[in-house]
Amino acid sequence: MAPDILAEITSMLVEIVGDEYLLAEEVTMETTFNQDLALESVEFVALAELLHHRYGADVDLMGFLAEKDMDAILAMSVGELVTHIGRITHASLARTATTTAVAPASAVAPATAG
């Protein structure tokens, strides 16, 4: 799952900053948003929007960043975001599997008297 998420984030970053910039720098799990990619706040907002469209409201980049202090935000790697998205989507898939595995009582056909 992580390689898929990394590829999707890389695609989003290309959309935001342009592929000419990212072609010179391969995005890996260790790539930092600040030092390696030099993402600015407006680009983080654009990334948050793209993540929201792709993964839904559960993947809240701004909420994720709000839990960090400034040093942690500046040092954050793409891998940290990939891990965060993986946890959220995994939990979401687990909830979906649980709710679909248990059929609601209204979905069970009543027995007919004979």
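Residues are numbered from 1 along each chain as its sequence is written. Because the model is predicted, local features need pLDDT of at least 70 and side-chain atom pairs count only at pLDDT 80 or more, while totals for chains, interfaces and linings use all residues; side-chain values use heavy atoms, with hydrogens and water left out.

Side chains of opposite charge can pair when their charged atoms come close.

| Salt bridge | N to O distance |
|---|---|
| Glu8 and Arg54 | 3.0 Å |
| Glu80 and Lys68 | 3.2 Å |

The Glu80 and Lys68 pair links distant parts of the chain, 12 residues apart: Glu80 belongs to helix 6 (residues 78-101), and Lys68 to the loop between helix 4 (61-66) and helix 5 (70-75). Helices here are DSSP runs (H or I, at least four residues), numbered from the N terminus.

Glu8 has a relative accessible area of 24% and is partly exposed, as is Arg54 at 44%. Glu80 is likewise partly exposed at 30%, and Lys68 at 22%. Buried denotes under 20% relative accessible area, exposed over 50%, and partly exposed the range in between (1.4 Å probe, protein chains only).

Ser77 is located in the loop between helix 5 and helix 6 and counts as buried, at 13% relative accessibility. A polar atom of the Ser77 side chain lies 3.3 Å from the backbone oxygen of Met29. Leaving aside residues up to four places away in sequence, Ser77 touches (heavy atoms within 4.5 Å) Met29, Glu30, Thr31, Thr32 and Phe33.

Notes: A salt bridge is a side-chain nitrogen of Lys or Arg within 4 Å of a carboxyl oxygen of Asp or Glu. Helices (H or I, at least four residues) and strands (E, at least two) are DSSP runs, numbered from the N terminus. A polar contact is a pair of N or O atoms within 3.5 Å; within protein, one must be able to donate a hydrogen and the other to accept it, and residues adjacent in sequence count only if both atoms are side-chain atoms.
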